[in-house]
Amino acid sequence: MMPKRIFAAILIIAAVSCHAQEHVVDHGAWVSGFWHVTADETKSSLGEIIEFRPDGTVVLWDSSCNSQNVPEEISYHIDHGGVYVTNHLPGKDHASFSLHPSQDRGKLILTWPDTGTNATLTRMPGKGCTEEQRDPPLDRSSDLDLSFIAKQYNVPHCEVSVPLTRREVLLTAERYGDTHTEDRPEWKAMVKAIRTGDQLRQVICLKTGQHGMAAGDIFYGLFRDGKMVAEMHTVIIN
């Protein structure tokens, strides 16, 4: 599961904030839907998702479309043009953080309360976190020897997805915030190198990093006869 950076930010704010003031409720139809992090100065939240629902509730999703809360725990409203997200977590003070839209409302800017750095969210294409939007399943039965890859990236072990089509790689990379995968030299070289019998797979090499959050790489590998012969990196975690 991917690190819950946005969810963690809410907990941090709740721990240091006082009770939020009451606001006139405005749920702003323009913000309703799924937004995902496409840029982050810390690279720690790429691909994470916020769903703003028309009833004023919020669902946070990790980049694999796993929900992180029930809708009643977090709400949002519009105030002075900004989107204010408020937690209602048991045992926590109600506290808000804000996202500020670009002039054309095509982007939302979130400033992390713990670092002061910014992340940019854009509206997700398609239907958001539906079943077909989930990450490819892991290949638990794979007989691939991934120990060399794990050693290369200094993690205890790596996992791989089931074999993917080229289109599935592009769609998955886009959900992680890489909207120009087809233009990447690594992708072009990988496609050119494909031979009959080769397999494209997502490779997940993560370990526990600072503050207990996941760290490492999620990338795509071209496998031939059980060995990875090419790779393309799109996400580096922490």
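A residue is called buried here when its relative accessible area is under 20%, and exposed when that area is over 50%. In this predicted model, the buried residues of helix α3, which spans residues 166–175, are Val169, Thr172, Ala173 and Arg175. These residues cover an arc of only 155° around the axis, which puts them on the same side of α3. The protein has 4 helices and 12 strands, and buried residues make up 49% of its 238 residues.

- Among contacts between residues at least 6 apart in sequence, 53% join residues that are at least 24 apart.
- The accessible surface of the protein comes to about 12,400 Å², and carbon and sulfur atoms account for 51% of that surface.

**Helix α3 and what follows**

- An α-helix has 3.6 residues a turn, so residues three or four places apart point the same way.
- Helix α3 is followed by Gly177, a residue whose phi is positive, near 100°.

- Strand β11 covers residues 214–224, and because 11 of its 11 residues are buried, the strand is largely enclosed by the rest of the structure.
- Both faces of β11 are covered, with Ala214, Gly216, Ile218, Tyr220, Leu222 and Arg224 buried on one side, and Ala215, Asp217, Phe219, Gly221 and Phe223 buried on the other.
- Strands β10 and β11 run antiparallel and are joined by 10 bridges, and within this pairing Leu200 stands opposite Leu222 of β11.
- Arg195 belongs to the loop between α4 (185–193) and β10, where it counts as exposed at 56% relative accessibility.
- Although Arg195 and Leu222 are 27 residues apart along the chain, their C-alpha atoms are separated by 9.9 Å.

**The disulfide**

- A search of the whole structure finds 1 disulfide, which is formed by Cys158 and Cys205 with their sulfur atoms 2.1 Å apart.
- The pair links distant parts of the chain, since Cys158 lies in the loop between α2 and β9 (159–160) while Cys205 lies in strand β10 (residues 199–208), 47 residues apart.
- The link of Cys158 and Cys205 is right-handed, with 115° about the S-S bond.
- Cys158 has a relative accessible area of 9%, so this cysteine counts as buried, and Cys205, with a relative accessible area of 0%, is likewise buried.

- Leaving aside residues up to four places away in sequence, Thr122 touches Phe34, Trp35, His36, Thr38, Gly106 and Lys107.
- Asp145 is found in the loop between β8 and α2 (147–152), and with a relative accessible area of 55% this aspartate is exposed.
- The side chains of Asp145 and Ser147 are joined by a polar contact of 2.7 Å.
- Asp145 and Lys227 are 82 residues apart in sequence, yet their separation in space is 7.5 Å, C-alpha to C-alpha.

Terms used
Residues are numbered from 1 along each chain as its sequence is written. This is a predicted model: local features need pLDDT of at least 70, side-chain atom pairs count only at pLDDT 80 or more; totals for chains, interfaces and linings use all residues. Side-chain values use heavy atoms; hydrogens and water are left out. Buried means under 20% relative accessible area, exposed over 50%, partly exposed in between (1.4 Å probe, protein chains only). Helices (H or I, at least four residues) and strands (E, at least two) are DSSP runs, numbered from the N terminus. The arc is that of the directions from the helix axis to the C-beta atoms. Contact means heavy atoms within 4.5 Å. A polar contact is a pair of N or O atoms within 3.5 Å; within protein, one must be able to donate a hydrogen and the other to accept it, and residues adjacent in sequence count only if both atoms are side-chain atoms. A disulfide is a pair of cysteine sulfur atoms within 2.5 Å. Two strands pair if DSSP finds at least two bridges between them. Accessible areas come from the Shrake-Rupley method with a 1.4 Å probe; for residues, only the protein chains shown count as cover.
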